[in-house]
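Good morning, everyone, and thank you for making the time.

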Amino acid sequence: MSATARDLVPPESRAPSGTPAKRVGSGKVRRLSRRDKVVLSLMVGLPTLIQLVFIWLPTVMSVGLSFTRWNGLALGDIRPAGGDNYQYISQDYPPFWPAIQHNMLWLAFLALVATPLGLLLAVLLDQQIRGSRIYQSIFFTPVMLSLALIGIIWQLFYQRDNGLLNFLLGTSGTPQAVDWFGDSSINIWAAMVAATWRHAGYVMLLYLAGLKGVDPSLKEAAAIDGANAAQTFFRVVFPAMRPINIVIVVITIIESLRAFDVVYVINRGTNGLELLSALVIQNLVGEGQVIGVGSALAVVLLVISLVPIVFYLSRTFGRENRA
Amino acid sequence: MSAAVSPGTATSRPATRSGSRPKRHYGTHIFLTAMAVMWLIPLVWAVFTALRPIASTNEHGYFSLAGDFNFDNFIQAWSQGGFAKYLWNSVIICVPAVLLVLFFASMMAFAVSRVSWKFNVTLLIMFTAGNLLPPQVLAAPLFEMAKHFQVPYSFSDSGNMLNTYIIVIAVNMAFQMGFCTFVLSNYMKALSADLTEAALVDGAGIWRQYREIIMPLCRPAFAALATLEVIFIYNDFFWPLLFIQSGDRLPVTTAINNLQGEFLNNYNLLAAGAVITVIPTLIVYLLLQRQFVAGLTLGSSKG
């Protein structure tokens with residue numbers, strides 16, 4: 001009987017209570033029957049195996065492949081390359097630094113525009129206003145759409161010759177018409193607006209749930225103390241939503257690292273729309289497969305992603321671990 | 001977050017507060033109406049474009065009201081554009097993936113939340129972290145694993161796992177499992193320990209506790225998660241893009257990207273395709289809005 005097996009005890013059977021249904025041996029602790037242990041190991045083992053094979057093994061392999069040179073054909077062709085791939089992407093690979101900048105810009109835009117907009121909508125809709133549900137449904141609609149589809153829908157809106165935006169600006173058909181997704185100096189902004197369309201609705205929804213969870217007596221107490229609406233919100237309500245705030249911070253960072261679909265639909269993440277995730281894929285598909293370079297880019301993405309992931313996990317599970 | 005995830009609050013959104021009299025918020029209404037109009041413009045424009053035959057827009061321009069309005073573009077996209085097939089492909093991927101992910105996640109969640117043992121928190125952390133990774137981090141190894149996994153040609157015409165639905169289903173399932181396990185384990189933790197205690201006294205084994213006591217009580221959480229996962233997996237663009245090479249096997253969300261090239265200069269048809277792609281999510285949303293919203297807020301860990 002291993003230590004693990006001895007720990008496989010339902011929490012309720014720790015406290016002595018009632019008539020013990022099953023006692024193994026002399027009954028120090030009520031243990032699980034052999035059959036229960038088999039069942040439990042399957043219940044844990046199968047999902048864990050799936051996670052290891054499809055998530056964690058590939059993650060480790062990404063790290064491994066990033067130190068090799070490989071064209072993706074025969075497994076025997078994998079050659080060790082040391083840090084060459086990293087040196088290459090940081091010094092000789094032109095889209096790398098623009099991609100880092102664009103990912104940071106994307107994060108800043110979501111954090112400074114989309115998320116506050118979602119919070120503002122939530123605060124306004126949390127008041128008792130007529131038609132609140134209708135407004136909520138409208139703002140929420142894009143959240144159901146895939147980012148790929150959002151890219152297509154905004155393409156129709158942004159096109160140079162036949163897009164609505166150029167008609168509305170009166171530039172359609174003139175030389176001043178802007179190709180919002182094609183012009184490399186502005187297309188990242190156009191793409192971020194399209195992403196905001198979805199992100200703000202998502203943030204609104206989460207904050208609406210958060211605001212409903214804030215104890216109304218907190219607000220009343222603040223009002224009695226003479227705080228105005230803004231003071232009440234920023235000093236009392238917002239800090240009280242701390243758990244939701246953490247989730248929103250993490251979601252905003254992760255969404256900005258995951259941004260892929262929109263730019264891939266527009267132009268596969270080239271010409272002003274370089275993002276780390278898109279560069280990874282550009283190096284994996286197409287003629288010149290350079291798995292090592294793609295993996296090095298994936299590892300950069302992984303390392304950056306681990307910051308919000310570890311932050312979130314330590315917030316969520318830290319308490320339980322200590323207990 | 002675990003506070004947000006209790007059986008009581010899972011599906012019941014707090015009812016609109018009553019009691020105090022409604023105030024007037026003219027400024028708020030003006031702002032919200034302006035925002036709502038801006039929010040709807042891209043969608044309305046897509047529907048408007050889709051309803052006009054290309055002959056009308058060629059003659060009168062896209063920014064006009066003249067000409068015919070009909071469903072010809074939808075009919076063409078459905079029959080010639082292959083949307084009937086793409087939607088069916090989405091079903092083939094979505095249904096097994098959602099059922100499997102809920103099945104495995106519920107077992108895992110049960111084991112980590114109702115049974116106390118050494119590594120349950122460690123495993124739960126591993127599952128949750130896996131869901132937060134950007135999918136592109138895993139792309140190269142998963143692609144190569146699928147490519148080098150030899151299977152008989154009778155099973156897959158590529159001789160490996162590329163270009164099969166199975167690999168897309170498996171990876172979607174694995175990727176969504178962490179999220180579902182996290183949500184379900186929080187939900188199950190909130191269920192009283194007395195429930196399984198009583199069963200234990202009756203001599204019920206682990207499987208009966210799971211199957212007959214905990215599962216039925218988790219129905220609200222399953223409803224919310226199933227709705228959410230159908231939409232997540234239906235909306236998944238990346239995994240089919242990576243694994244499936246034949247265009248006619250793509251699910252609709254990924255296929256529409258190819259149509260962008262095919263329907264070049266026929267924006268009306270592209271718009272119709274986009275609207276067709278939205279319709280299933282819209283139906284799910286309208287029928288199961290409550291479950292969908294509950295799922296999103298109850299698992300607000302979703303990255």
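How many of its 17 residues are buried? The count is 12, and α11(A) is accordingly described as mostly covered; among the buried ones are Ile244(A), Val247(A) and Ile248(A), and the list also includes Glu255(A) and Arg258(A).

Let us step back to chain A as a whole. Its domain assignment gives domain 1 (1–31), domain 2 (33–95 + 274–323) and domain 3 (104–257). The centres of domain 2 and domain 3 of chain A, taken over C-alpha atoms, are separated by 31 Å, and seven residues of domain 2 are in contact with five residues of domain 3. On the domain 2 side of that contact, five residues are nonpolar, one is polar and one is charged.

How confident is the predictor in chain A? The mean pLDDT is 81, and 88% of the residues reach 70 or more; over residues 1–29 of chain A, however, pLDDT stays under 50. Where pLDDT is low, the predicted coordinates should not be read in detail.

Next, the record: an unreviewed UniProt entry annotates "transmembrane region" in chain A over several spans, including residues 188–209 and 290–313. In the model, residues 188–209 of chain A are 100% helix, with end C-alpha atoms 31 Å apart, while residues 290–313 of chain A are 96% helix, with end C-alpha atoms 33 Å apart. For chain B, the annotation, again from an unreviewed entry, covers residues 217–234 among other spans, and in the model that stretch of chain B is 94% helix, its end C-alpha atoms lying 27 Å apart.

Finally, where do the two chains meet? The contact takes 92 residues from chain A and 91 residues from chain B, and the largest share of the chain A side, 19 residues, comes from helix α2 (residues 34–65) of chain A. By class, that side of chain A has 60 nonpolar, 22 polar and 10 charged residues.

How values were computed. Residues are numbered from 1 along each chain as its sequence is written. Chains are lettered from A and ligands numbered from 1 in the order in which they are written. This is a predicted model: local features need pLDDT of at least 70, side-chain atom pairs count only at pLDDT 80 or more; totals for chains, interfaces and linings use all residues. Two residues are in contact if their C-beta atoms, placed from the backbone, lie within 7 Å. Helices (H or I, at least four residues) and strands (E, at least two) are DSSP runs, numbered from the N terminus. Ala, Val, Leu, Ile, Met, Phe, Trp, Tyr, Cys and Pro count as nonpolar, Asp, Glu, Lys and Arg as charged, and the others, Gly among them, as polar. pLDDT is the predictor's confidence in each residue, from 0 to 100. UniProt positions are given in the numbering used here, feature names are shortened, and annotations may be inferred rather than shown by experiment. Domain bounds come from an automatic or database domain assignment. A residue is buried if 20 or more other C-beta atoms lie within 10 Å of its own, exposed if 12 or fewer, and partly exposed in between; C-beta atoms are placed from the backbone.
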